[in-house]
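Here is a short report on a few local features of one protein chain. Please keep the sequence and the 3D view open while reading.

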Amino acid sequence: MASASAKPYCCSSLNPASSAPLARRAALSPFPAAKPRRFSHGLAAVAANPRAPRAAVRACLASPRRPEYVPDRIDDPNYVRIFDTTLRDGEQSPGATMTSTEKLVVARQLARLGVDIIEAGFPASSPDDLDAVRSIAIEVGNTPVGEDGHVPVICGLSRCNKRDIDAAWEAVRHARKPRIHTFIATSEIHMQHKLRKTPEQVVSIAKEMVAYARSLGCPDVEFSPEDAGRSNREFLYHILEEVIKAGATTLNIPDTVGYTLPHEFGKLIADIKANTPGIENAIISTHCQNDLGLASANTLAGADAGARQLEVTINGIGERAGNASLEEVVMAIKCRRELLDGLYTGINSQHITMTSKMVQEHSGLHVQPHKAIVGANAFAHESGIHQDGMLKFKGTYEIISPDDIGLTRANEFGIVLGKLSGRHAVRTKLVELGYEINDKEFEDFFKRYKEVAEKKKRVTDEDIEALLSDEIFQPKVIWSLGDVQATCGTLGLSTATVKLIGLDGEEKIGCSVGTGPVDAAYKAVDQIIQIPTILREYSMTSVTEGIDAIATTRVLITRDVTGDEQRSTSGYSNRSFSGSGAAMDVVVSSVRAYLSALNKMSSFIGALNASSEAPESVSVKTSE
C-alpha cells in the first residue's frame with residue numbers, strides 16, 4: 001500500500017499524463033506559439049521521481065521573487081500581476097456593502113495575501129468611499145508586509161471625466177504606488193444606447209482623460225474599454241493605441257457581461273497583443289465576469305495568450321454572477337504551471353482560507369459548500385470509494401494540499417462520515433477515536449451506523465461514540481429491541497407498542513398506555529419481561545446540535561420487591577442497575593436504555609440463582 005503521507009499536490013509533472021512535450025500543446029493551441037522557456041525550479045527532477053517527498057513537491061512549485069514594480073513593464077515575462085477588485089467590483093454585489101473600517105481590515109489582509117494591486121473603491125461614488133480609499137492608501141499603501149517587504153499598488157476607479165479622476169487621485173495619491181483606473185464603453189450597443197456617442201467621440205474622450213490623469217502627477221494609469229468582449233476588433237486596436245500614446249500603462253480588457261467563451265477570449269487577448277501599435281509599452285490585463293460561469297476559465301485563457309495582469313475578487317463576488325475568483329485562478333496557475341509556460345504569481349496561497357472567511361464575514365456573502373478551493377466541501381470526502389482511496393494515498397482524490405491554502409481540517413484525510421461511507425472509512429474513524437473492536441462487534445456497529453447515517457447528513461465523532469456505547473459496550477443481551485411505536489399528544493392518552501426478541505429468537509409484543517410516550521413504552525416492556533422495577537433516575541442529552549441530533553438516554557433502576565421477597569432477596573433487592581441507549585428518536589433511545597438496565601438486572605439475577613443452586617454441594621465439601 002502506498003504511504004498515506006505521500007502527497008503529489010500542485011505539481012502536475014508528477015502526473016505522467018501531463019508530461020507531454022510543450023510542443024504538442026503549442027501545436028494544438030489557437031494562439032501564436034510562445035518561445036520555449038527553460039525551467040530552473042526543479043520540475044524535471046521531481047518528474048523523474050513520481051514518489052518525491054512533499055518537500056520536493058513544494059520545491060518544484062517555489063516561485064522566483066516578485067519582480068520590482070514598474071507600471072508599464074514586468075521584467076520577468078513569466079510573472080503575472082494579481083489585481084484584486086473585491087473592495088470595488090466585489091462590493092457591487094447586492095447586499096455586500098462594507099463599512100470603511102471593514103474595507104480597511106480586508107485591505108490589510110489582501111496585502112498579506114500578496115496581491116499586487118488593490119482596487120480599493122470608486123472614490124467619486126460617495127464621500128464615504130473616497131475616505132475609505134484614502135485611508136487604505138495612507139495605511140496599507142505605505143506599509144511593507146511579508147518577507148520581501150511588499151507594498152501593494154492602491155487603485156481608485158473613475159469614469160472618463162475630470163470630476164471622477166480628481167476624486168480618484170485625491171484618494172490614492174497618498175499611497176507609495178498610486179494608480180488611477182479609468183474606463184469608457186467601446187461596444188456598439190453601449191456607445192449607441194448608453195453613451196449616445198460616436199466612436200470618434202469615445203476615442204477623443206478616452207485619450208483626453210488618460211492624459212489628464214497623467215497630468216495630475218499619477219505615474220500609473222489603467223484604461224478599460226468597457227464591454228471589450230463585444231467590441232469591434234479594429235476599433236479596439238485603434239482606441240488602445242491612442243490611450244497608450246496618452247500615457248496609459250495598463251490596458252484592461254473586460255468581458256463585461258461574461259459573454260465570451262475561453263477560446264474566444266484568449267484569441268481576443270492574442271489579437272490585441274499582435275495588432276495594437278505600442279502594446280509593448282503597456283501591460284495587458286483581463287477582467288472577466290461570470291455570467292456564463294466561465295470567468296476563471298476566460299481569465300486563464302487570457303493569461304495563456306499573453307495577459308500579465310489578472311483582475312479577480314475573493315470568492316468570485318461581484319456584480320450579477322460575480323467575477324473571476326482569485327483563489328481559483330491563482331491555484332490553477334500554481335497547479336498547472338508547466339502547461340502555462342511557467343507562469344507564476346506573488347500570492348502567498350496559505351492566506352487564501354483566512355482571506356476568504358474574512359470577506360464572507362464582512363460582505364455577508366457566504367460561499368456555497370461546493371465552491372472550488374474555499375467551499376466547505378472542497379477538501380471533504382464522503383463517498384466510500386473516495387474515502388478508501390484517500391486513506392490509501394491522498395493523491396488519488398486531492399490535487400491540492402489543504403495546507404497550501406492555509407486550511408487546517410480536523411481529520412487528516414478530510415473524511416466526512418455519512419450514508420455513503422464504507423467500512424474502511426468507518427473503521428479508520430474508530431481507530432482514530434481510540435476504539436479497537438473485533439470483526440463481529442464492528443459488523444454489529446456498522447449496521448447501526450448505517451441506520452443512523454441514512455437519517456443524518458453527517459455523522460459526528462460524538463455520534464460514533466454514542467452508537468459504540470449503545471451497540472458494543474452493553475451487557476449480555478437477553479432481550480433485544482425489535483420495534484417500538486408510540487403515539488402522544490393532547491387529544492388522548494399516550495400509547496406504545498413494543499416488540500422484543502428473546503435469546504431463543506421468540507418475539508413478544510406488549511401494548512400499554514401511559515402519561516407520556518416513554519412511560520407507555522416502559523410499561524409495555526414491563527408486560528413482556530415481568531420483572532418489577534422502580535425507575536430511580538432518567539436523563540436524556542443531545543449528543544450533537546441540530547434537529548437531527550442523536551439522543552443519549554441514561555436510566556437507573558432497582559428491583560421492586562415486597563417485604564417477604566425483600567428478606568429472601570436481600571442480596572440484590574437494593575442493588576441499582578444502570579443502562580444507556582442512543583437513537584435519533586427519543587422514545588427509541590429511552591427504550592434502549594431501559595432494556596440495557598433490565599438486561600444487566602436479568603443477568604445478575606440469573607447468576608445469583610445459579611449460584612444459589614450449588615450451596616449444598618459446596619457446604620458438604622466444606623463440612624468435610
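At what angle do helix H4 and helix H5 pack, and how far apart are their axes? The model is predicted. In it, H4 and H5 pack at an angle of about 30°. Their axes are 9 Å apart. The crossing is right-handed. On the H4 side, the contact is made by Ser 100, Lys 103, Leu 104, Ala 107 and Arg 108. H5 contributes Asp 128, Asp 129, Ala 132, Ser 135, Ile 136 and Glu 139. By type, these contact residues divide into five charged, four nonpolar and two polar.

The helices discussed here have these limits:

| Helix | Residues |
|---|---|
| H4 | 100-113 |
| H5 | 127-139 |
| H13 | 352-363 |

H13 has 12 residues, so at 1.5 Å a residue it should span 16 Å. Its end C-alpha atoms are 16 Å apart, which agrees. Just after H13, Gly 364 takes a positive phi of about 80°.

Now to a strand. Thr 533 lies in S12, which covers residues 533-542. Is Thr 533 buried or exposed? Thr 533 counts as buried because its relative accessibility is 17%, and the cut-off for buried is under 20%. Its side chain joins that of Tyr 594 through a polar contact of 2.8 Å. Leaving aside neighbours within four places in sequence, the contacts of Thr 533 include Asp 526, Ile 557, Arg 559, Leu 598 and Met 601.

Definitions and conventions. Residues numbered from 1 in each chain as written. Predicted model: local features only at pLDDT ≥ 70, side-chain atom pairs only at ≥ 80, totals over all residues. Heavy atoms only, no water. Axes fitted to C-alpha atoms, helices over the stretch in contact; angles between N-to-C directions. Helix = DSSP H or I, 4+ residues; strand = E, 2+ residues; numbered from the N terminus. Left-handed = near helix turned anticlockwise from the far one by under 90°. Contact = heavy atoms within 4.5 Å. Nonpolar A, V, L, I, M, F, W, Y, C, P; charged D, E, K, R; others polar. Buried < 20%, exposed > 50% of the residue type's maximum accessible area, 1.4 Å probe, protein only. Polar contact = N/O pair within 3.5 Å; in protein donor to acceptor, adjacent residues only side chain to side chain. Expected span 1.5 Å × (residues − 1).
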